[in-house]
Amino acid sequence: ELGCELESENAAQARDAYRRALELDPEHFDARVNIGRLLHESGEFGAAEANYRLALRTRPGDATASFNLGVALEDQRRPTEALQAYEQAIVTDPRYADAHYNLSQLYERLRRPAQALRHLQTYRDLIEESGV
């Protein structure tokens, strides 16, 4: 809770709070995902990836952890692994619009237009349904 409170004020202190929580409970899922996100935002993609993977050991198939892992892998220029992570996110939550969008963009860059179009259409449908 302290980490969440500190995030908007001081990311370094928030990371320290998450680290302390993980010392007490290495399988604390939320602390693991949150520290991963903060590390990712600071450009520490490999450390972020490691934390997302540890989070997924605690909750295999969690859509948010899988999605975040996909973003970290993409930022490390590992598109095949990123595809797998995004696909896992939508297996867990087929309505995860951002995962569909990222898949559409990644498939487009990989010159796989049929898959890109399918995920882009799903993304648009989900956004339209949500009224965003």
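Modeller: Happy to! Tyr-101 is partly exposed, with a relative accessible area of 33%; partly exposed lies between buried, under 20%, and exposed, over 50%, with a 1.4 Å probe and protein chains only. Tyr-123 is also partly exposed, at 21%. A word on the basis: this is a predicted model, in which local features need pLDDT of at least 70 and side-chain atom pairs count only at pLDDT 80 or more, while totals for chains, interfaces and linings use all residues. Residues are numbered from 1 along each chain as its sequence is written, and side-chain values use heavy atoms, with hydrogens and water left out.

Now the rings. Rings of Phe, Tyr and Trp (its six-membered ring) pair if their centres lie within 6.5 Å; planes under 30 degrees apart are stacked, over 60 edge-to-face, and the rest tilted. That rule gives 3 aromatic pairs. In one of them, Phe-67 and Tyr-96 have ring centres 5.1 Å apart and planes at 25°, so they are stacked. Phe-67 belongs to helix H5 (residues 63-75) and Tyr-96 to the loop between H6 (79-92) and H7 (97-109), so this pair ties together parts 29 residues apart in sequence. Helices here are DSSP runs (H or I, at least four residues), numbered from the N terminus. Both Phe-67 and Tyr-96 are buried.

Tyr-101 and Tyr-123 form a tilted pair, 4.9 Å centre to centre with 55° between the planes.

The axes of H7 and H8 come within 8 Å and cross at roughly 155°. This makes H7 roughly antiparallel to H8, a term for angles over 145 degrees. The axes are lines fitted to C-alpha atoms over the stretch in contact, with angles from 0 to 180 degrees between N-to-C directions. H7 passes H8 in a left-handed crossing, meaning that the near helix is turned anticlockwise from the far one by less than a right angle.

In contact terms (heavy atoms within 4.5 Å), the residues on the H7 side include Tyr-101, Leu-103 and Tyr-107, and those on the H8 side include His-119, Tyr-123 and Leu-126. The residues of this contact divide into 9 nonpolar, 5 polar and 2 charged; Ala, Val, Leu, Ile, Met, Phe, Trp, Tyr, Cys and Pro count as nonpolar, Asp, Glu, Lys and Arg as charged, and the others, Gly among them, as polar.

Key:
Helices (H or I, at least four residues) and strands (E, at least two) are DSSP runs, numbered from the N terminus. Angles under 35 degrees count as roughly parallel, over 145 as roughly antiparallel, 65 to 115 as roughly perpendicular and the rest as oblique.
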